[in-house]
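Look at the sequence and the structure below before reading on. The report then goes through them topic by topic.

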Amino acid sequence: MSSPPAFSMSTAYTSVDLTPGTFDDPYEFPTQYLPKVMKDDSKIPLVLVACGSFSPITYLHLRMFEMAQDHFKERNEYELLTGYYSPVSDSYMKEGLAMAEHRVSMCKLAVETTSNWLMVDSWEPRQKTYQRTAVVLDHFDNELNTIRGGILTSKGEKRKIRIMLLAGGDLIASFGHPGVWAPDDLHHIVGYYGSVIIERTGTDVYGFLLSHDILYQHRMNVTVIKQLIHNDISSTKIRLFVKRGMSIKYLLPNPVIDYIHAHRLYLPPK
Amino acid sequence: MSSPLVMTSTLEANCGKDINTLGQFDDVYQFPRHRLPTAMKDESKIPLIIVACGSYSPMTYLHLRMFEMAQDHFNERNEYELLAGYYSPVSDAYMKEGLAKAKDRVKMCELAVDSTSDYLMVDSWESRQVTYQRTAVVLDHFDQELNIKAKGIQMKNGEMRQIKIMLLAGGDLIASFGHPGVWAPEDLHHIVGHFGCVIIERTGTDVYGFLLSNDVLYQHRMNVIVIKQLIHNDISSTKIRLFVKRGMSIKYLLPNPVIAYICEHKLYSPPSLDS
């Protein structure tokens, strides 16, 4: 079994704080699940970053990391150290975006009550202007490698941590839309960093990689993971269900559901 | 209501007096009522109980979602008041590939509903039977427990009202109605005509088309409620068993207490050569 010991949902839940995180507290890059030493020096240390709206975070978002973890465990190239959610800032002005503080709080509730290796970074959502994904990855590179010098091998040597963007098929499909992504950014994201793509059943990511010049050029840096269980829990639908008073149970963690109700998120305007 | 004569003879013929003949269960059988309300919220409606039959090897979030969708559906309309829901895991005699022992499957269902729900229960009657019980007989058992033994639900004026019982089904169960030889026509009439059916329609399937084509279902179409599954969430138990066998994560596909149980009891793992 690759999954960590199960949490006692009831005790984890009752001690959970549903007050929204405010950005009055100073920013700190989270490191509590970042190991200090590698387990296996023969591998490349890897951290995955998932950018998105997470309005709200769902079991699908949480599954993405589980699938990625399984994938890298089975192979010998990378040692996946940890994963971060980086919720987009409010200045993205997308329809359905709850306030950044709420989205960060919900992500934190989700990972704190259900996981023991994922973290939420609030740098991007604290920014007043929209930060391009390439810049967000640079921020992680700065925090992990420049400021902290990467990770130690068992021999005590410092090794740089490889950073990759974890993305669903929709993000990758957007790479093909003209005008959305600057070519330099795509080279930076896929060429310099790398991308792990969760392929939805029925989509053809490899076909898309073939057709897209920049992705094809850096195809060695693109890892495609097949989603074997068709579990398309979309945040958009969840917001709609909340608006219509329908149940969202079993689509996202209970503490997040309670948070949504406690703060009356996604309800129709009175 | 079905003739009591028909029901008791069917039940006695099939289960015999000793309910724990399989010897797996530690405790004596009791029909669960702890989440069954003692009064209706709205007496202008028909009180309804939904029963979901299946293997539940293991139970998943999809199985739990089915009831949520049904609850939403009935909340929006004025005809029925959904009182509670029951999972009825099939007995081991069904001999289906991948079936964990009945006691384990019942326990996993209980862990799932106890940790996440306030209106769902698990009934182990069917799973404790030595022989396979047809769905029509399982529904009769619920009718017996809820309406004959307990006489239904009590109204404010003291009268007892019979509870309507319906089968909750996914599209695959309904599609099997069309396979020749699987279902006896009298059973179909009994299940759909006498009781009723709530069908969760998977996106992409055409349940209404199927209702049109199947004589028995069409005859009782007034008793068939179709609920569209708006979020495509196909967490199959088969895949989960496979993931466990291959050492892959099943997190976020089913409740954590069930995952812990699977781990602890080493269910679905291949026979180990070395650890």
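## Basis of the report

This is a predicted model, in which local features need pLDDT of at least 70 and side-chain atom pairs count only at pLDDT 80 or more, while totals for chains, interfaces and linings use all residues. Residues are numbered from 1 along each chain as its sequence is written, chains are lettered from A and ligands numbered from 1 in the order in which they are written, and side-chain values use heavy atoms, with hydrogens and water left out.

## Confidence

The model has an ipTM of 0.80 and a pTM of 0.84.

Helices (H or I, at least four residues) and strands (E, at least two) are DSSP runs, numbered from the N terminus. Among the elements of chain B, strand 3 (residues 120-122) has the highest mean pLDDT, 98, and helix 1 (residues 4-15) the lowest, 45. Residues 1-10 of chain B stay under 50 in pLDDT; the model gives them 13 contacts (heavy atoms within 4.5 Å) beyond four places in sequence. In residues 12-18 of chain B the pLDDT is also below 50, and this stretch has six contacts beyond near neighbours in sequence.

## Cysteines

A disulfide is a covalent bond between the sulfur atoms of two cysteines. Here the rule asks for a pair of cysteine sulfur atoms within 2.5 Å, and a search of the whole structure finds zero disulfides over all chains.

A:Cys51 is in no disulfide. A:Cys51 counts as buried (under 20% relative accessible area; exposed is over 50%, partly exposed in between; 1.4 Å probe, protein chains only) because its relative accessibility is 19%. A:Cys107 is also buried, at 0% relative accessibility.

## Contact between chains A and B

The contact takes 30 residues from chain A and 28 residues from chain B. The buried area (accessible area, 1.4 Å probe, that two parts lose on being put together, summed over both) is about 3100 Å², and carbon and sulfur atoms give 60% of this area.

Between chain A and chain B there are zero salt bridges, each defined as a side-chain nitrogen of Lys or Arg within 4 Å of a carboxyl oxygen of Asp or Glu. On the side of chain A that touches chain B, helix 2 (59-74) and helix 10 (235-243) of chain A are the elements that give two or more residues. Helix 2 of chain A gives the largest share of that side, five residues.

Definitions and conventions: pLDDT is the predictor's confidence in each residue, from 0 to 100.
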